[in-house]
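Subject: Structure handover

Hello,

Here is the structure for you to look over. My notes follow below it.

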2 protein chains.
Amino acid sequence: MCELLAMSANTPTDIRFSFAGLRQRGGRTGPHRDGWGLGFFEAGGLRCFHDPLPASESKIAELLSQLPIKVKVAIAHIRQANVGAIELKNTHPFQREVNGKYWCYAHNGQLADSESLVSSHGFQAVGTTDSERAFCWLLNQAKVAKIDLTNPQSGYTFLKHRCDQLRRMGVFNMLLSDGDTLYCYCTTKLHWITRRAPFGQTHLSDVDWQVNFAEETSPKDVVTIIATQPLTLDEQWHAMQAGELTVWQQGEMLKLG
Amino acid sequence: MCELLAMSANTPTDIRFSFAGLRQRGGRTGPHRDGWGLGFFEAGGLRCFHDPLPASESKIAELLSQLPIKVKVAIAHIRQANVGAIELKNTHPFQREVNGKYWCYAHNGQLADSESLVSSHGFQAVGTTDSERAFCWLLNQAKVAKIDLTNPQSGYTFLKHRCDQLRRMGVFNMLLSDGDTLYCYCTTKLHWITRRAPFGQTHLSDVDWQVNFAEETSPKDVVTIIATQPLTLDEQWHAMQAGELTVWQQGEMLKLG
């Protein structure tokens, strides 16, 4: 299995605190040694950092832990391989351009018979993971159905139906974003927390790092973190339910469905 | 304008020596301060590092100068912006997936009336550069004409014709690769050098760094470097001609056309 991390915020925000916790699970406090990736959306641009090395040992991850890249949306993944060899092309997050926007995606879980998702036209997986096949399948299905995923309402209706289909093939926890809207679908494990004023202190659970968000934020900031498992010790994270799709913009959960 | 750098080799090779020279021109020995990018192909996977900061000052470029990432094909770019703001989405190289393979592309030059290249379907530029529009246009044209760019012969015939068209719109020096084949098209400035046994010593022209390739290579290695301007002082680089398209595999120039 793998672990997922995403952020949606109403102001450019530094994800290093959360990534520092996730990173430990990539070989130190967790078994997810088979690569990692972190994608940052910046004004419509997307830069993904990938490494097939364990996050806890990766020099690129080490650099990112020192670089204050502030963004509104980010998606990260640490991998414990099941389907697909440990190599760069199987390292999440994956990205594609649709109608002039980048989409970034990461998956945790396992899908039986993922070959059935493969298409000979449209978006095609470069690697051999069930995850990337499901990503391309979702984008191809949206294209055929002429669904505009940048519209949260039509995106919700479409993705809820299609992700439910994928869930019947196994475990499908996933994150998908174009930098504005963040979709999070849960089969087994996905937790979220929204931080807003009054901000308090918190501790990472995987490494000795405490932060006082009151010192790092302004009173108007709204920042949601989504993660496979809660990353902090002293906050109340919300567990998503099986089959639940949450949709986020500017750090807020949209009321849809 | 900008500067380009690419490598094609028959064995995984460290591009740091060449990139160190290019990097200096990104703000120190050259005026190309408006971002940089470097894409590495690794077993069909592609990882691109992008930064809208000057290469000579970028911490990510600094890290790459310390990381021995060995690959057969790499594409790099340092930018001096003309069309399109200085931001991540306008930072080369660009990438797209075609038929389950990643393609990586960078451009130097300027195209008049690049809006005429824009399509409302197929691949679409995310940013606002003439460069990315030309990239998407080339891929869309190849798709319509059912050209398989992974086949060097059909790729050559197609790209020669289409790049000649783009050259009539201005200056079009470009690099394009799927990790196996590297296409290089010249309008004004593009130089190449192929290094093979017996390897010798060379000096970078932009920074005091000397390397003895005999110590870094095996006798069977063949490594071609393509760059806007020669990067070394004591080697004989070959200037490409206006309208010339060279095609490289495993460090060797293919005889086509």
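**Helix 1 of chain A**

Helix 1 of chain A (residues 16-24) has these buried residues: A:Ser18, A:Phe19, A:Gly21, A:Leu22, A:Arg23 and A:Gln24. Buried means 20 or more other C-beta atoms within 10 Å of the residue's own; exposed means 12 or fewer, partly exposed is in between, and C-beta atoms are placed from the backbone. Helices (H or I, at least four residues) and strands (E, at least two) are DSSP runs, numbered from the N terminus. The buried residues of helix 1 pack against strand 1 (2-14), strand 2 (36-42), helix 2 (59-64), strand 4 (70-79) and strand 12 (223-227) of chain A. Contact means that the C-beta atoms of two residues, placed from the backbone, lie within 7 Å.

**Ground rules**

This is a predicted model: local features need pLDDT of at least 70, side-chain atom pairs count only at pLDDT 80 or more, and totals for chains, interfaces and linings use all residues. Residues are numbered from 1 along each chain as its sequence is written, while chains are lettered from A and ligands numbered from 1 in the order in which they are written.

**Chain A overall**

Chain A has five helices and 15 strands. Its C-alpha atoms fill a box of roughly 50 × 40 × 30 Å along the principal axes. Of its 257 residues, 50% count as buried. Among contacts between residues at least 6 apart in sequence, 72% join residues at least 24 apart.

**Helix 3 of chain A**

Helix 3 of chain A (residues 130-144) is mostly covered, with eleven of its 15 residues buried. Among them are A:Phe135, A:Trp137 and A:Leu139. The cover includes strand 5 (94-98), strand 6 (101-111), helix 4 (152-167) and strand 7 (170-177) of chain A. After the helix comes A:Lys146, with a positive phi near 55°.

**Helix 4 of chain B**

Helix 4 of chain B (residues 152-167) has 16 residues, which at 1.5 Å a residue should span 22 Å; its end C-alpha atoms are 21 Å apart, which agrees. The expected span is 1.5 Å times one less than the number of residues. Its buried residues include B:Leu159, B:Cys163 and B:Leu166. The buried residues of helix 4 pack against strand 6, helix 3 (130-144), strand 7 (170-177), strand 8 (181-185) and strand 14 (245-249) of chain B.

B:Phe158 also lies in helix 4 of chain B. Is B:Phe158 buried or partly exposed? B:Phe158 is partly exposed, because 19 other C-beta atoms lie within 10 Å. Leaving aside neighbours within four places in sequence, B:Phe158 is in contact with B:Ala142, B:Ala145 and B:Ile147.

**The two chains together**

In the interface, 25 residues of chain B are in contact with 25 residues of chain A. Strand 3 (45-51), helix 2 (59-64), strand 5 (94-98) and strand 6 (101-111) of chain B each give two or more residues to that side. Chain B can be laid on chain A with an RMSD of 0.0 Å by a turn of 180° and a shift of 0.0 Å along the axis. That is the relation of a two-fold axis. The superposition is by least squares on the C-alpha atoms of residues with pLDDT of at least 70 in both copies. The same surface serves both copies: 100% of the contact residues of chain B recur in chain A.

Regards
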